[in-house]
Amino acid sequence: MILSKLHLENFKKYTAYDIEFGEGLIGIIGKNGSGKSTIFEAILFALYGEFKNRGNKDIIRNANASTKDAVVVELDFEFESVEYKVLREFRGKALSANAKLYKNGELTTTGAKEVTTAIVKLTGMSKDAFMHTLFASQKELTSLSTLRNEDRKKMIRRLLGLEKIDFVEKELVEKSRNLKREIDAFKEVLLGDEEINAKKEQIKQNEEKKNALKKDEQNKTKELVTLKDKEQAIKKELDVFTKTKEQKQKLLAGLELLKNSKSLEMLNQAKLIAENHQLEDKQEELKTLASVKKEYLSLQEDLKTQEKLKEYHLKKEGLTKEQVQLREQYKKAKSDIQGLEKECEMFEQYSFDAKNLEQDLSIRQDAIEVKHTIEQELLLEMKAQQRTIDETNAKIAGIKELGKGSACPTCTRPLLEEYDNVINSLNEIVQGTHQKKINDYNTQLKNVQEQKAKLLEEKKVKDKEYQELTKQLNIIVSKQNDLSRAKEHFTLVEQKGMKNKEELEALQQFSYDEKLHANVRTKYDELTPKYKHAVSLETELKRLDAVKKDLANVTKNIEELKKKYQDKEQEYNKVIYDEDAHKQKLTQHDEALKTVDAQTTTLNEIKVAIASILGEIKSIQNSLDNNDKQLKKVQTKKDDLRDYEKIKTSLAEFKTKLNAKVAPRISSLASEMYSQITKGKYQHIEVSNDFDFFIYDEGKKYPIERFSGGEVDLANLVLRIAISKTLTELSGASSIGFLAFDEVFGSQDESRRMEILEAFHTIKEQYRQIFLISHEMEIKEMFERVVEL
């Protein structure tokens with residue numbers, strides 16, 4: 001993998017930034033805080049969508065960017081001679097992630113997770129493997145030789161990814177320990193052989209008890225059946241007595257009911273006979289009142305006619321009175337209209353005069369405003385001239401105070417003999433020019449003010465005249481409204497009068513006699529009680545036919561009830577019922593029921609005893625079954641424990657083989673580079689299986705701590721590169737063509753920094769790109785390409 005270009009937008013401190021990396025030894029140079037490490041954070045983020053250390057993703061957005069601005073990281077890289085581009089974005093307030101992967105300019109994958117999966121598949125490395133393989137810090141380099149043995153081993157195992165195997169091994173040990181603890185715990189709750197045999201014997205004894213009780217239950221059941229049969233036979237005889245008693249009681253109730261019905265019908269018959277006699281008497285009386293009814297109805301029609309004539313008479317009187325009033329209103333309305341028309345005659349003239357006055361007032365107001373403008377301009381001119389006079393007088397006073405040695409107010413040279421001429425010239429300017437202008441302006445101002453005052457006075461007179469005219473116009477407008485209302489009222493009065501006249505003419509054909517009306521009313525009132533009595537008799541006589549019919553029906557019913565009663569009485573006498581025998585049979589039935597209940601209770605007690613024994617047998621059997629289940633669980637855990645032990649053994653063998661392969665490979669790669677860097681002075685660096693480091697000097701092996709600081713720095717460098725190469729080989733990612741080192745110079749002096757740089761120049765042919773991140777500005781000349789931040 002070779003990095004080609006990086007484009008950033010609103011990423012951390014970068015608002016917009018583009019880098020083309022190139023090849024060779026590349027320096028990323030800048031002061032602390034300039035964003036050097038952010039460049040490689042962006043590379044890691046572009047490839048895997050994550051930072052080195054996971055945290056709050058809100059810090060990714062540039063502080064000056066708004067929530068509408070997208071965070072963009074775009075990385076171009078080459079892998080196995082194919083051009084790739086990966087684009088990642090965060091958008092919106094929630095920083096929603098999106099990503100795209102291009103191969104030779106063609107979009108192949110979209111989606112944040114999908115692109116990460118594609119990158120891992122392409123490079124053969126996860127994020128952690130990528131970091132440990134291609135990135136190294138100054139802390140990692142110095143730690144290789146300065147850390148204690150255990151800490152150094154942990155760091156190298158972390159770089160090589162062996163800590164995952166350690167974790168799995170530790171988990172297996174913990175799980176094995178837990179399984180042994182669980183197996184031991186099961187031994188405490190499992191049943192022994194003696195306990196199992198005792199429980200089986202107890203089940204056998206309970207089965208024998210159950211069988212004995214079952215036999216007893218069968219005998220008792222047979223006895224109970226016999227007792228129930230006997231009880232049912234007695235119950236059948238008892239049912240016969242009960243039905244006979246119920247039949248006797250039912251017949252007796254029927255006799256009582258017939259007797260009562262007959263009594264009620266006879267009472268009803270007496271009432272109907274009396275009512276029939278009364279109605280026949282009233283029928284005779286109604287015949288005598290037939291002429292009264294006819295006369296009453298005739299008078300009723302006459303009275304209605306008189307009431308109608310009276311209504312017409314009263315209406316005629318009301319209309320006559322109303323016509324008198326309308327005539328008065330008609331005359332008054334006509335007079336009012338004539339008066340109002342005369343008062344409104346001057347409306348047109350007044351309106352014309354008002355418009356003329358409005359135009360005159362407008363012209364006068366314009367003239368006043370013109371005079372006011374001239375007045376203000378003259379006052380401003382006078383103020384300006386007075387200001388010039390004051391300034392000139394101030395100059396004269398200044399010159400007089402300084403004397404003849406003062407500077408000229410125009411050319412700044414000393415006045416000397418020109419002193420008096422200058423004073424006189426300035427006084428002449430004040431009096432002859434500016435004061436004269438003020439006097440002229442003052443004269444013009446007085447004339448303008450007099451003209452303005454005259455115009456205001458004339459306007460005041462015209463205003464008063466206009467107001468008086470407007471007042472008269474308003475009065476006439478009010479009168480015009482009154483005139484309109486008066487005409488409407490006149491029209492209404494006229495129309496009402498014509499309508500009333502028509503109605504009066506129609507009512508003239510009707511004549512009303514008050515005495516005749518009174519006589520008809522008297523006769524009508526005298527006959528009303530007799531008429532109402534006749535109507536009442538007619539209403540009552542409507543029931544006569546119904547009463548006669550009801551009387552015939554009641555008489556018939558009485559005869560039928562007599563016959564039914566006689567038949568029911570004979571049937572009642574035929575039913576034979578012995579109450580004493582019934583009581584004896586009831587006693588026998590109660591005794592039989594008690595015997596059945598007692599036998600049932602005994603049988604239930606036997607069943608309860610059987611159920612109790614069955615429950616005890618089931619409980620013991622459940623205990624035995626549960627013990628079998630627990631034994632199976634223990635066996636499963638023993639099988640799991642055996643499998644864990646096998647896996648632990650396999651992991652141990654794998655670790656041994658891996659260490660045997662990794663350590664020699666790191667030694668081989670580091671020795672080759674160290675020999676090249678030291679120009680053959682040191683031929684071999686040995687890495688033990690426990691990751692202790694030794695340097696061979698003239699064929700002898702020495703610990704790395706024996707050598708000078710510069711030699712140790714170079715040894716740390718080649719060891720870290722060798723670890724990276726080994727990681728690359730182990731992951732199968734042979735196409736990774738760059739390395740990156742962050743602040744590898746630390747606080748070293750200039751000579752040791754130069755040694756490290758020379759070492760990088762020596763080994764740079766092995767990689768197409770080597771990135772060195774540093775804040776040391778003076779070393780930038782040592783790089784083939786520099787990215788200065």
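Author: Before the two helices are named, one definition is needed: an axis here is a line fitted to C-alpha atoms, for helices over the stretch in contact, and angles run from 0 to 180 degrees between N-to-C directions. The model is a predicted one. In it, helix 7, residues 193-288, and helix 12, residues 544-574, have axes that come within 8 Å and cross at roughly 160 degrees. Since angles over 145 degrees count as roughly antiparallel, helix 7 is therefore roughly antiparallel to helix 12. The crossing in which helix 7 passes helix 12 is left-handed.

The loop that leads from helix 11 (514-541) to helix 12 holds Arg 543, a residue that is partly exposed, with a relative accessible area of 38%. Arg 543 touches Glu 275 and Leu 279, if residues up to four places away in sequence are not counted. Although Arg 543 and Glu 275 are 268 residues apart along the chain, their C-alpha atoms are separated by 9.6 Å.

Leaving out residues up to four places away in sequence, Phe 130 touches Met 1, Leu 44, Leu 47, Tyr 48, Met 125, Phe 135 and Phe 738.

The strands complete the picture. Strand 1 (residues 2-11) and strand 2 (residues 14-20) run antiparallel and are joined by six bridges, with Phe 11 standing opposite Tyr 14 in strand 2. Their hairpin has two residues between the strands, and Lys 12 takes a positive phi near 50 degrees there.

Elsewhere, three strands form an open sheet in the order 9-10-11, with antiparallel pairing. Strand 9 (684-687) and strand 11 (700-703) stand at the edges and have a single partner strand each, so one side of each is left without a neighbour in the sheet. Neighbouring strands of this sheet are turned by 35 degrees against each other on average, direction ignored. Four bridges join strand 9 to strand 10, residues 693-697, and His 684 stands opposite Tyr 696 in strand 10. Across strand 9 and strand 10 lies helix 13, residues 579-677, which runs at about 160 degrees to strand 9.

How values were computed: Residues are numbered from 1 along each chain as its sequence is written. This is a predicted model: local features need pLDDT of at least 70, side-chain atom pairs count only at pLDDT 80 or more; totals for chains, interfaces and linings use all residues. Side-chain values use heavy atoms; hydrogens and water are left out. Two strands pair if DSSP finds at least two bridges between them. Contact means heavy atoms within 4.5 Å. Angles under 35 degrees count as roughly parallel, over 145 as roughly antiparallel, 65 to 115 as roughly perpendicular and the rest as oblique. A crossing is left-handed if the near helix is turned anticlockwise from the far one by less than a right angle, and right-handed if clockwise. Buried means under 20% relative accessible area, exposed over 50%, partly exposed in between (1.4 Å probe, protein chains only).
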